[in-house]
Amino acid sequence: MGIKGFESRLERAVEGTFSRLFRTGVSPVEFGRKLVREMDGSRTVGVGGRTIVANWFRFALADSDFEQLADLLGTLRRELADAAREHARDEGYGFVGPIEIVIEQEDSARSGVLAVEARFAEGEGGLPPGSLLLPTGDRVPLGEYVVSVGRQNDCTIVLGDPNVSRNHAEVRPSGDGFAVADLGSTNGTKVNGVRVAEQQLRDGDEVTFGNTVMHFEAS
């Protein structure tokens, strides 16, 4: 499930401070468990018959617990978003918009108690969520605009790969999702190892521009 490896990844990310910081109060792994529980509990059938789940999550903490987590909020948000994506893939869930994680302090919250709120939040223009995962680990969000890929400086994603053309390809909204389109590049664009002129993208697809490999995430 999505929280598999969550605690160990977080521990590595904070370089051994994990056990020292969380002997008391709210443990970060509790965030992951509650996230998965909220996703499962929000299941409903969307247009086209696919099961969709909540994609916006707000975690409320007492002041003392929030202060304990302050230095790790960025890491925790990223790990929780990744855990949600993994759990959605494992269970075949879809989202109506990008995953958003909010962690806030709340005066009425009790120490050691983690409150969570979840809801459905549509993406820009009602489009489903989508992003390109770069080799660096960075994500480029997709929306109601064209994302250009190439070596030219005015491309949205500029690549230094000599096997990538100046204006190599585009990723654009298409139907109820996104498609990649080659722009007549010299070395081509591939989806899951197959060279394509234009291809609708599905969650987890491997997209190769020249020798540069990215992954499409529908979340």
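This report describes the strands, helices, cores and salt bridges of one protein, using a predicted model.

## Overview

The protein has 219 residues, and 47% of them count as buried. Its secondary structure consists of five helices and 16 strands. The exposed surface comes to about 11,000 Å², with carbon and sulfur atoms supplying 44% of that area.

Contacts can also be sorted by separation along the chain. Among those between residues at least 6 apart in sequence, 58% join residues at least 24 apart.

## Strand S3 and its partners

Strand S3 covers residues 56-61. It is mostly covered, as six of its six residues are buried.

S3 pairs with S4 and with S5. S3 and S4 run parallel and are joined by six bridges; in this pairing, Leu61 has Gln105 of S4 as its bridge partner. S3 and S5 run antiparallel, with five bridges between them. Here Trp56 stands opposite Arg119 in S5.

## Helix H5

Helix H5 spans residues 73-91. It has 19 residues and reaches 27 Å from its first C-alpha to its last, close to the 27 Å expected at 1.5 Å a residue. Gly92 follows H5 and has a positive phi, near 75 degrees.

Which residues of H5 are buried? They are Leu73, Thr75, Leu76, Glu79, Leu80, Ala81, Ala83, Ala84, Arg85, His87 and Ala88. An α-helix has 3.6 residues a turn, so residues three or four places apart point the same way. Leu73, Leu76 and Leu80 are among the buried residues of H5.

## The nonpolar cores

The largest nonpolar core has 24 residues. Phe31, Leu35, Met39, Phe59, Ile101 and Ile103 have the most contacts inside this core. The elements that give two or more residues to the core are helix H3 (28-41), S3, helix H4 (63-69), H5 and S4. H5 supplies the largest share, seven residues.

Ile103 shows how residues from several parts of the chain meet. Leaving aside neighbours within four places in sequence, Ile103 is in contact with Phe31, Phe59, Leu61, Phe66, Leu73, Leu76, Arg77 and Leu80.

## The five-strand sheet

An open sheet of five strands has the order S9-S8-S10-S11-S14, and its pairing is mixed. Strand S9 (157-158) and strand S14 (198-200) stand at the edges with a single partner strand each, so one side of each has no neighbour in the sheet.

Within this sheet, strand S10 (residues 169-174) pairs with strand S11 (residues 177-182) in the antiparallel sense, over six bridges. Ser174 has Gly177 of S11 as its bridge partner.

## Salt bridges

How many salt bridges does a search of the whole structure find? The search finds 10 salt bridges. One of them joins the side chains of Arg58 and Glu106, at 2.8 Å from N to O. Arg58 lies in S3 and Glu106 in the loop between strand S4 (100-105) and strand S5 (115-119), so the pair ties together parts that are 48 residues apart in sequence. Arg58 is buried, at 18% relative accessible area, because the cut-off for buried is under 20%. Glu106, at 27%, counts as partly exposed.

Arg89 forms a salt bridge with Glu217, and the closest N and O atoms are 3.2 Å apart. This pair links H5 with strand S16 (residues 212-217), across 128 residues of sequence. Arg89 counts as partly exposed at 37% relative accessibility, whereas Glu217 is buried at 5%. Both residues belong to a network of salt bridges that links Asp82, Arg85, Arg89, Arg139, Asp203 and Glu217. A further salt bridge joins the side chains of Arg172 and Glu198, at 3.8 Å from N to O. Arg172 is in strand S10 and Glu198 in strand S14, 26 residues apart. Arg172 counts as partly exposed at 23% relative accessibility, and Glu198 is also partly exposed, at 47%.

Definitions and conventions: Residues numbered from 1 in each chain as written. Predicted model: local features only at pLDDT ≥ 70, side-chain atom pairs only at ≥ 80, totals over all residues. Heavy atoms only, no water. Helix = DSSP H or I, 4+ residues; strand = E, 2+ residues; numbered from the N terminus. Buried < 20%, exposed > 50% of the residue type's maximum accessible area, 1.4 Å probe, protein only. Contact = heavy atoms within 4.5 Å. Areas by Shrake-Rupley, 256 points an atom, 1.4 Å probe, with all protein chains shown as cover. Pairing = 2+ DSSP bridges. Salt bridge = Lys/Arg side-chain N within 4 Å of Asp/Glu carboxyl O. Core = buried A, V, L, I, M, F, W, Y, C linked by side-chain atoms within 4.5 Å. Expected span 1.5 Å × (residues − 1).
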